[in-house]
Amino acid sequence: MISSSSFLLQLSSALAALPAVSSFTISEPPTPFKWPIVGTLPDFLQRGGVDKLPEIYTNMYEEYGSIFAMSQMGAESIVLSDPRAYDSVLRAEGKFPIGGAEGVDTFVNYYRENNITMGIKSTSHGPEWKEWRSQLDPDLSVAWKSYLPSIAQAANQISDVAMHEINTQQVKFVDFVSRSAFDMFYTVIYGHSPQTTNSAQANPQDIEFVKSAKTAFDLTGVMMTNPLEKMFQTDTFQKFNVNMDKVMDFGNEKALDYLRQVREEESVLVAEDNVGEEEEGSKCPVQALKNGSNSLLGRLVNKDVPDDELGTLTGPMLMAGVDTTAYVMSWLYLNLASNPDVQTKLANELKSVLNGADVTTAEQMKSLPYLGACIRESHRLTPPSVVNVKKLEKDVDIVVDDKTYRAKAGTQICLNLCAIPWDERYVDKPLEYRPERFLSDAIEARKGTPSEI
């Protein structure tokens, strides 16, 4: 028979061997009143809806703090204001995390419903996404420096006509900026500028693409913040699809035209080779074209990407480039125009360093610290998006202000870009445009302080 003392000793040892049970408490993030079915959508609309996004996220940060939740028609979101908490989410994800593009349901649904392979790959995750990214990265992200000369040439052409086009009201300033973004991105993809900023030379088809791209992005914002648009197939939803069709048709047509040119040049070079006139070093006709081209398509044409997939690649890339770049450029110009002293400092730096030359190398870009500071400060004060959004594939615990919150798989995690960057506890006079914040000495001075964030 086992004595009571021996039994208690064995029981104590057995309990000690059990895995430790976590003692922390899972907290619930604060949230506006949540209605059945529609969730917090009424609160969002009452605060101003999609037209008041910066004000909404600023006010909710002030009201609820560094973390709060939202729910719209079953779509659950947790909004974080501390980038360190957001970074902890990114680090907790697996090998193939769900990317930000996958959370933009309007585009994801359009690509899937229309079976657009490259669009599906670009807005997915996992091996398919890795394959898509691996095809592009060497010739886009890695080779970005090689596109600088052609971008500079396109920018030169834009500058030459800017004064005339805007002062004579040939085109509105906001449209001129969108066309400028289109011309530069088109140059990267196809190797030459379509010069849509020059009314005398612009192709109506190119201008129509810019309009369709802008419209599709504008309607995306409306549809993502009001799921009823898709549910009831409203005019907004139908208009979005029409403009996306135009974007995809344009991309297909331009890519196929380019590929036809490649095949024609290939035939010519093959014929020359047959009569012994091939130049030394041009063993492959298509390689010869690629070597003579600074275009993304020129680099991709030799890769095992089907022609039809190249066609579905270019439209979305151009559209994304036009919208985001135009937005960033517009705010940068407005911030500079609203601060003449900053504009003067920047002009002095450009004159001193470049003396009228174009920026065609990475080294030149590094030699312009005040320009870089102007761009970064514009991002802080007027970010291209109110929030960064991504969807979770698995449950993740998030620690904010010493409390632990559990974000379940499928939840959208958002980083509020209108919170800390506009909070005077972290940024001195946050609503003023001061590029000096991002010069090296100022960055160094912030280290070890709350403002370092």
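Where is serine 193 found? Serine 193 lies in the loop between α9 and α10 (204-225). This is a predicted model, in which local features need pLDDT of at least 70 and side-chain atom pairs count only at pLDDT 80 or more, while totals for chains, interfaces and linings use all residues. Residues are numbered from 1 along each chain as its sequence is written, and side-chain values use heavy atoms, with hydrogens and water left out.

Serine 193 counts as buried because its relative accessibility is 16% (buried means under 20% relative accessible area, with a 1.4 Å probe and protein chains only). Leaving aside residues up to four places away in sequence, serine 193 touches Ala154, Gln157, Asp183 and Thr187 (contact means heavy atoms within 4.5 Å). A polar atom of the serine 193 side chain lies 3.1 Å from the backbone nitrogen of glutamine 195.

Two helices are set out below; helices are DSSP runs (H or I, at least four residues) numbered from the N terminus, and the expected span is 1.5 Å times one less than the number of residues.

| Helix | Residues | First to last C-alpha | Expected span |
|---|---|---|---|
| α8 (148-167) | 20 residues | 29 Å | 28 Å |
| α10 | 22 residues | 32 Å | 32 Å |

Helix α8 bends by about 45° at valine 161, the bend being the angle between axes fitted to the seven residues ending there and the seven starting there. Val161 is also one of the buried residues of α8, as is Ala154. The cover over the buried residues of α8 includes α9 (173-190) and α17 (362-366). After α8 comes glutamine 169, with a positive phi near 60°.

At the start of α10, a side-chain oxygen of asparagine 203 comes within 2.8 Å of the backbone nitrogen of glutamine 205. Buried residues in α10 include Asp206, Phe209 and Met223.

Note on methods: Buried means under 20% relative accessible area, exposed over 50%, partly exposed in between (1.4 Å probe, protein chains only). A polar contact is a pair of N or O atoms within 3.5 Å; within protein, one must be able to donate a hydrogen and the other to accept it, and residues adjacent in sequence count only if both atoms are side-chain atoms.
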